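Me: I would like to go through this model and ask what stands behind each label. Please set the values against the definitions.

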Amino acid sequence: MKLILLGAPGAGKGTVAKLLTAIDGSVQISTGDILRGAVQAGTPLGKEAEGYMNRGDLVPDSLIMGIMENRLQEPDCAKGFLLDGFPRTIPQAEALTELLKKLNITLDMVASIDVPRDVIFDRLCTRRTCTNPSCQAIYNTKSNPTKVEGICDKCGSPAIQREDETQEAIAHRLDTYNEKTAPLAGFYEKSGLLKSIVGTSSDVVVDAIKKQLGL
Ligand code: AP5
């Protein structure tokens, strides 16, 4: 599988990516996870990205492209990859097209997950994320709570509410999405790669993607 998952914050990209990678061993590449890892480790990249992320703003395209040029050339990508949270702007999408051409990689599909704004708001306010960079399990205090409050079931690390999950930051992230990322649907529609998937159930979304890919 060589896929892009498009969708607003909280549309379920991360949840769907984890279900799909379990099928054939493709790797999930989440720019959000990479950036949060850098923030946690206190690297120069993390220090530069942290302010943008906490406010719910996008990190500059040049930083993101630097990360992705290296990441897509790592050996595990040969098994296939799911891009989760990238590209997020038209310049990122254009740069990705050039990069894939250079690496001789053809995308199978761009899946756009469409979920209503009120559902998204509720999901993000109740999400909890494992802080262990090699785990990053996702929970939800309503639909999928941890067995022990605040502790990841899988690895025992703290599972917390992200810094960008205040109501103000969520509203700003959704506005930024509408302004900068939603136009990518038109970009990929032109290339014939876009499949829009409407659904609030991750299983339904995964089944729809599998069907489109003939899996
Ligand atoms: P990032 O981490 O990519 O955040 P996001 O796109 O805002 O996506 P989320 O992780 O919030 O949502 P998701 O769609 O993966 O949903 P999830 O499956 O977790 O980016 C964070 C920040 O990094 C950005 O704001 C920006 O600053 C920066 N950044 C990252 N990439 C960038 C780029 N390319 N360019 C510039 N800046 C970049 O699900 C959400 C919740 O819903 C969970 O609680 C989950 O349990 C629940 N849920 C999911 N599906 C269901 C379901 N079917 N039913 C019930 N609950 C569900």
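Me: How many helices and strands are there in the protein?

Reply: The protein has nine helices and eight strands. Helices (H or I, at least four residues) and strands (E, at least two) are DSSP runs, numbered from the N terminus. This is a predicted model: local features need pLDDT of at least 70, side-chain atom pairs count only at pLDDT 80 or more, and totals for chains, interfaces and linings use all residues. Residues are numbered from 1 along each chain as its sequence is written, and side-chain values use heavy atoms, with hydrogens and water left out.

Me: Why is Gln136 called buried?

Reply: Buried means under 20% relative accessible area, exposed over 50%, partly exposed in between (1.4 Å probe, protein chains only). Gln136 has 18% relative accessibility, so Gln136 counts as buried. Gln136 lies in the loop between β5 (127-130) and β6 (138-140), and its phi is near 55°, a positive value in a residue other than glycine.

Me: Is Asn104 buried or exposed, and why?

Reply: Asn104 has a relative accessible area of 72%, so Asn104 is exposed. Asn104 sits in the loop between α5 and β4 (109-114). Asn104 also has a positive phi, about 60°, although it is not a glycine.

Me: Why is Asp122 called partly exposed?

Reply: The relative accessible area of Asp122 is 36%, therefore Asp122 is partly exposed. Asp122 belongs to helix α6 (residues 117-125). Its C-alpha atom is separated by 9.6 Å from that of Lys142, 20 residues apart along the chain.

Me: Which residues of helix α4 are buried, and what covers them?

Reply: In helix α4 (residues 61-71), the buried residues are Leu63, Ile64, Met65, Ile67, Met68 and Arg71. Their cover includes β2 (27-30), α2 (31-41), α3 (44-55), β3 (81-84) and α5 (90-103). Contact here means heavy atoms within 4.5 Å.

Me: What is the peptide bond from Phe86 to Pro87?

Reply: The bond from Phe86 to Pro87 is cis, with omega near -5°. Pro87 is in the loop between β3 and α5.
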